[in-house]
Amino acid sequence: RDVMVSSWKKATSEADQVLFAEFRRKQQVLEKQAEQLEVEVSLLSREKAVVEQQVQNIATVMHVAQQRTKPEKLRAEIATLAKERSVEQTKLQGATSVVRK
């Protein structure tokens with residue numbers, strides 16, 4: 001009977017060691033996968049920040065474009081350009097008359 005108990009204990013111990021080794025191996029694989037996922041999350045987080053900035057830039061450009069396409073804004077820009085043109089024409093006429101004299 002003692003031989004049976006001893007041999008059962010030995011078999012159980014060996015089985016426990018095999019199970020523990022398998023558990024430890026799987027644990028290491030999962031730890032490596034977790035590290036890889038952390039790296040991926042970090043990269044995706046950076047990429048998300050870049051994309052959010054690009055979206056913000058596009059929104060700003062669109063806002064500026066909308067402001068420029070409003071009729072009142074266009075009229076104001078045209079009026080400013082017309083005044084500048086008039087001033088330049090006056091300067092040109094003055095310079096031309098000086099040259100003619």
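Modeller: Start with burial. Buried residues make up 0% of the 101 residues in the chain. Buried means under 20% relative accessible area, exposed over 50%, and partly exposed in between, with a 1.4 Å probe and protein chains only.

Colleague: What kind of model is this, and what limits apply?

Modeller: This is a predicted model; local features need pLDDT of at least 70, side-chain atom pairs count only at pLDDT 80 or more, and totals for chains, interfaces and linings use all residues. Residues are numbered from 1 along each chain as its sequence is written, and side-chain values use heavy atoms, leaving out hydrogens and water.

Colleague: How do you know what the radius of gyration says against a compact globule?

Modeller: The rule for a globule is 2.2 Å times the number of residues to the power 0.38, and the radius is taken over C-alpha atoms. For 101 residues a compact globule would have a value near 13 Å, but the chain has 40 Å. The C-alpha trace spans about 135 × 30 × 5 Å along its principal axes.

Colleague: How many helices and strands are there?

Modeller: The chain has 2 helices and 0 strands. Both kinds are DSSP runs, numbered from the N terminus: helices are H or I with at least four residues, strands are E with at least two.

Colleague: Why is the contact of Glu 22 and Arg 25 called a salt bridge?

Modeller: A salt bridge needs a side-chain nitrogen of Lys or Arg within 4 Å of a carboxyl oxygen of Asp or Glu. Glu 22 and Arg 25 have N to O at 2.9 Å, so the pair counts. Both lie in helix α1 (residues 2–69), 3 residues apart, about one turn of the helix.

Colleague: What makes Lys 26 a salt-bridge partner of Glu 22?

Modeller: The closest N and O atoms are 3.9 Å apart, so Lys 26 and Glu 22 pass the rule. They are 4 residues apart in helix α1, about one helical turn.

Colleague: Why is Lys 48 called exposed, and what is Glu 52?

Modeller: Lys 48 has 53% relative accessibility, so it counts as exposed. Glu 52, at 46%, counts as partly exposed. Salt bridges that share partners join Glu 22, Arg 25 and Lys 26 into one network.

Colleague: How many salt bridges does the count come to?

Modeller: The count comes to 3 salt bridges. One of them joins Lys 48 and Glu 52, at 3.7 Å, N to O.
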